[in-house]
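Here are my notes on the helix packing and the chain contact. Have the model open while you read.

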Amino acid sequence: MEPIKIKPLRPREFKPSDVVVLALTALSTYSITWIVFHQLTLFSGALGFVVIWTLLFLGLYWLVNRQLFTRQVAIDRFVAALMTLGALLMFLPLVMVTSFVLIRGWNLLSAHVFVATQKGVSSLSDPGQAGVAHAIVGTLEQVGLAALIGVPAAVLTAIFINEIGGPFTKTVRVVVTAMSGTPAIVAGIFIYAVWIQAFHQGYSGFAGALALAVLLLPTVTRGTEEVLKIVHQDLREASIALAAPEWRTVWSVVLPTARSGLVTSILLGIAVSIGETAPLLMTVFGNKLMNSNPFSGPQAALPLLAYQQIKLPLQSEIDLGYTAALVLFLLVFTLFVLARIFAGGRLKGPSFARMRSRIVAAGLGATAMPDDLEANGDGTDFQNQQRPTGQEGELGRS
Amino acid sequence: METVLDGGLKESAVSPISVSTQRSRPDRLFRGVSRTAGLTTLVILFLIGLFLALQSRLAFQTMGWAFFTNTGWVTTGAHPKFGVLSALLGTIIIAAIAMLVAVPVAIASALFINEFAPRKLFGFFPLKNFLVASVDLMAAVPSIIFGMWGFFVLQPAMKGLARWLSDYLGFIPIFKTGETPVFTSSFLIAGTLVGIMVMPIVTSLSREVFSLTPIAEREGAMSLGASRARVIRDVVFPFSKGGMLGAIMLGLGRALGEAIAVTIIISLVFQPTVQLTQAGGNSIAALIAYRFGSGGPLGLSGLLAAGLVLFALTLVINLVAARIVNRARMAG
């Protein structure tokens, strides 16, 4: 019998000829759009051009692949093109924002801006006279104090939820989850009403630190909890079997094992809270002069300074805002890179690679991440294996 | 090992170790400290809600239910009249525009990163990891930086689109403009900016959800001849429905609470308006940021009441999101 000859369809195989098809489609639709825009009608505007070009391209690309291959290939290529366009649309503003802050701020950076403040700066003074030293000191002190208050409380809370437990565990977890979405402005007005209005404490760096701590606490708790969850139960049991007391187990076994993830979640929490502007507006208030005492008097802060400068009329004043924004961006970037370096630390392997994005997600305030969505049975997920899997039978997987 | 124990030792040499269920003193201390921390967290977070509720009582007593229907914001003088209606409406409009902008793009780019992006571009550049890292980084970029970019770059760039919308689609009420059209400082621009801000968050979370699709089901579909488009439609989406919804709702929570970017763009107007392209709008977060220092005790109480409304809104959305995800998990 003659064997049936099947020509396999492999839409994923993207041969040079396919690249040519793609390029020609893009080129021809560009030409059509150009003719329609500039010859036939009197449309104008880059946005309209790009939109029409994109739509024409998607349509023609589908049609060409439909003609050359089959419907399946055409749909697959069409979807691939659509997703790629989506990704471009996502990364375009992101690249623009990053380059915006880098380009506008870079030339303004000098050693001078790191030592000078806005002391004696008026609209008449030289453009390069002002600096952001007072804002850097303010931001570091506020965020440092917030971390000093928030991080130990968050780690202990996570230990309480994950290691000790008790009648309130579930309540604490639900409340922490619900609170990690608290709008920053609400935390700000809360501290403003309590600390500044009710207790008559006045604006200070410490008030800002309190507001930041309120925001930091739930996110770091969530992140730490996620990290503690992946410490293998075997390690805890081994420690208990050696008659180690509970605190010793946590201190010498659980926390060191989770160290890198712990550092990551803390750094991410700090990186996010360092850029919060809204709560600082009503707690630290801003200051043109250096105030290195966070416990008394208004302080400056980098995000706040940027916010206050950009609506001023003079270019030199706006430039100071750009400088503050760039320094802030560099701080966040450094923290973020450090966090990723630590995340790649001791705990390796597939289970941790997965956890890393989980920690990042929790650090970003992911309140609603599924706990058990992970695929079971790849042998890496020790936690899930120990949980009762009663609902396994109900998993109607179509 | 065991044989030595069996043979060599006399019974008296092995003294029984004392075993008790009583925890040692350091352990009790450790438990106490940790439990206190947990409960303190609980109490602090509970106090925020309680305090907001107590402090906003003055505003609610003065205005009654009219707080939800009044449009102005006059908190001083003999006849205070203020309400959260226009701010609440504005918050919802901005969040709705933001979600319209963010969700399709975020889902598409999450799918691109997860399903289409090559692990190594040209054999050496780790494209996938690079994209994942940069999305996460962008999610951590301060909102003030997005706000500045929106004010100096996005707003001028979007004026043309706003004019086009009001010229050609002006018959639809939401694109209508007044006598003197001003196309900056509008809901449209603020909403787009907030949308761009929540995009990385939604992308990061939904990408993670997509990556949790069981590999066996994925390979099964492929071995049956499914193309990538079919795998996405018939395997990835059904598995990640709940998680995706959770990611979107989380983005929604962020969009509702965003203050600084909205404050920079929008100019505060207390007439409730649904005109998206015309200058002027309102949002709870922007209202608080603008007015926190003025208006006397009643004004503060009013702002706290507005804050309470926002707080309740985000709280409900967060809890519902957690609920949806849980149910999706149970259903598979």
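This is a predicted model: local features need pLDDT of at least 70, side-chain atom pairs count only at pLDDT 80 or more; totals for chains, interfaces and linings use all residues.

1. Residues are numbered from 1 along each chain as its sequence is written, with chains lettered from A and ligands numbered from 1 in the order in which they are written.

2. Back to that pair: α7 (residues 184-198) and α8 (residues 205-229) of chain A pack at about 135°, axes 9 Å apart. Helices here are DSSP runs of H or I, at least four residues, numbered from the N terminus; axes are lines fitted to C-alpha atoms over the stretch in contact, with angles from 0 to 180 degrees between N-to-C directions.

3. Residues in contact (C-beta atoms, placed from the backbone, within 7 Å) include A:G188 and A:W195 of α7(A) and A:L210 of α8(A). The contact divides into ten nonpolar, one polar and no charged residues (nonpolar: Ala, Val, Leu, Ile, Met, Phe, Trp, Tyr, Cys, Pro; charged: Asp, Glu, Lys, Arg; polar: the others, Gly among them).

4. Between the chains, 94 residues of chain B meet 92 of chain A. Helix α2 (residues 25-55) of chain B gives the largest share of chain B's side, 19 residues.

Note on methods:
Helices (H or I, at least four residues) and strands (E, at least two) are DSSP runs, numbered from the N terminus. Two residues are in contact if their C-beta atoms, placed from the backbone, lie within 7 Å.
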